[in-house]
Every structure is written in structure tokens, then in C-alpha cells.
Amino acid sequence: IALHEENNSVRVTLFSIKKGVILGKKEFRFESQEDLVEQFVTQYYATQRIPEEILVGNEFWKEESEREAIEGYLARLKGGRVVIHCPQRGEKLALVRMAEKNAQFRSYEKVLEEMQEKLLLPSPPRVIECFDISNLGYDYIVGAMTQWVDGKPNKSAYRRFEIHSTIGKNDDFTSMREVVLRRYTRLRDEKEKMPDLIIIDGGLGQLNAALGALRDLGVVIPIVSLAKKEEEIYRPGEEGPLRFEKNTEMMLLIRRIRDSVHDFVLSYNRKKRQMRMKEEFKS
């Protein structure tokens, strides 16, 4: 049994397992409340087949006597021994972690479906790539991309870019066009799968620069931008930005993705400046 909290509700995911084989899965949603697991266990198994062992991710009992009381109640219903266990290691812990990941994945499914609906996307954006430019003076212009898969960062796919098209110039738009062009030229030429959504850190200007790169490549990928000041979302062809409640799960995920690339590109910029300063000091 695994739980995943989201806002004021809790999703309970229950796997039925026999000899290591998953026989079935059920999901339930409840309002957040104290003693939820205890109530769920006692009420659910009052009408369902009771297993010999129940695995949970967290000890929901305050005293061992509370756990023993629930085990005794279930044992009387079953007519046989019942153990409630919170594993700390081994295969049983792996089963609990699998259930927890599944419950969390379902949460991301909901958010991605909301993104599809609100941003008018052709499918839930399971793979999202986000771009940002860090421009601290003419000599320190770099770009970066982060990739998120099913609502989680895929750090092995993060990419950094030295900017070549704007040397000696302060031009975010041209820099953005360059990194987007380079990224998807490579994916196209290597016949790699394109992302389901591109997010650009910036406003309408940065969005149009990235969109121009995609058009030059003949590549069609859904793309939006997120403007920092008001956290507004721009879509190609729209006269004005889209505005959503800032603290919805969808917007929180989009902002986490944007923040990930912002932090990544700033870190790269600092590293480049430190290397330049060391070289100048040596000379």
C-alpha cells in the first residue's frame, strides 16, 4: 500500500502480489486526514480477501500495540495470522517503492493531461525540453537545455551550448535561435525522437526566435515560452499571453522546469567566467 499526497487529497495505491507477481492494482482517493492508512486498512479489508502480509511505506501506528490491535482485528476476520510490515530493506522494500513510484507517476499523468488540455497540445508532453540563455556581458553568453521525462528531470540529457553567432554582441534572440537550431538539427540528422513540448525561458521575442529555427529546419514541435515577470505563457500565433493560477500543479511543474534550466545555464556561465579569469591571471 502506497500513498501520494497532492494538495488536500491523498491517492492510495494498492498492489495485490503473489510470489512476486503483480496480480492487480487498485487506486483510491481521499481527503487528507489523520489515521488515513489505519482507516483504509480496517475498512477495505472488512469486505475484501485479507492477505497474510500487508506492506506499507510508513509506520502509521504510534505504538506497537496499535499495529498489533489492527493485526488482531484482521486475523479474526480472516481466521488466520495477518502481519502488517513496514520493510526497511530487501525485496519487500523494493515492492513498496514500486507502489510509491506508481502512485507518484499517476499524479504526473494528471498534470501532463492538464498541460495538454490548457496548452492545446496534441498529446500529454511526456518529454519536455527547456532552453535558456545566460548573458552577463558581451564575453559571457552561453545557452543550456534541460530535459524532463514524465515530470522528472533527466539529467543525463542536459546540454550546454557555447554561443557562436553573437560574439561581441548582446543579442538574446539570436542566441536562442542558435541553440534551438543546433539541438534539433542534431536530433533530425541522427533520426532521434523529438520532444513532445519545448519551453523557452523568455517572452514573445525569444519564442519567435526559437520558432524561426524550427521552421528553418522544417521541424514541427509544440513550443511555448514562459515570461519571468508575470509567469505568463506565450503560444505561437496568439495575440496575448495565457494566464493561469500560479500555484496550480501544472504551473508549479512548468516553473520547476524553467528554474532547472535557469540554474543550469547560470552555473555554466559562472564556470566559463572562472576559467577565463584563471587564464587571464596566468597570462
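The legends below describe close-up views of a predicted model.

Residues are numbered from 1 along each chain as its sequence is written, and side-chain values use heavy atoms, with hydrogens and water left out.

**Figure 1. The protein chain as a whole.** The protein chain has six helices and 12 strands; helices (H or I, at least four residues) and strands (E, at least two) are DSSP runs, numbered from the N terminus. Of its 283 residues, 42% are buried, meaning under 20% relative accessible area with a 1.4 Å probe, protein chains only.

**Figure 2. The largest nonpolar core.** A nonpolar core is a set of buried Ala, Val, Leu, Ile, Met, Phe, Trp, Tyr and Cys residues joined through side-chain atoms within 4.5 Å. The largest one has 25 residues, of which Phe131, Met176, Val180 and Tyr184 touch the most other members. At least two residues of this core come from each of strand S6 (127-135), strand S7 (141-149), helix H4 (172-189), strand S10 (197-201), helix H5 (204-217) and strand S11 (223-227). H5 supplies the largest share, seven residues. Another core, of 24 residues, lies apart from this one and includes Leu112, Leu119, Ile128 and Tyr158.

**Figure 3. The surroundings of Val180.** Contact means heavy atoms within 4.5 Å. Leaving aside neighbours within four places in sequence, Val180 is in contact with Phe131, Ile200, Ala210, Ala213 and Leu214.

**Figure 4. The packing of helices H4 and H5.** The two helices, H4 and H5, pack at an angle of about 35°, and their axes are 8 Å apart; axes are lines fitted to C-alpha atoms, for helices over the stretch in contact, and angles run from 0 to 180 degrees between N-to-C directions. Residues of H4 that meet H5 include Phe173, Met176, Val180 and Tyr184. On the H5 side, the residues include Ala209, Ala210, Ala213 and Leu214.

**Figure 5. Helix H2 and its buried face.** Helix H2 (residues 64-78) has 15 residues, which at 1.5 Å a residue should span 21 Å; its end C-alpha atoms are 21 Å apart, in agreement. The expected span is 1.5 Å times one less than the number of residues. Arg67, Ile70, Glu71 and Leu74 are buried in H2. Seen down the axis of H2, its buried residues fall within an arc of 100°, so they line one face of the helix; the arc is that of the directions from the helix axis to the C-beta atoms. Their cover includes helix H1 (36-44), strand S4 (53-55) and strand S5 (83-85). Just after H2, Gly79 takes a positive phi of about 80°.

How values were computed: Predicted model: local features only at pLDDT ≥ 70, side-chain atom pairs only at ≥ 80, totals over all residues. Buried < 20%, exposed > 50% of the residue type's maximum accessible area, 1.4 Å probe, protein only.
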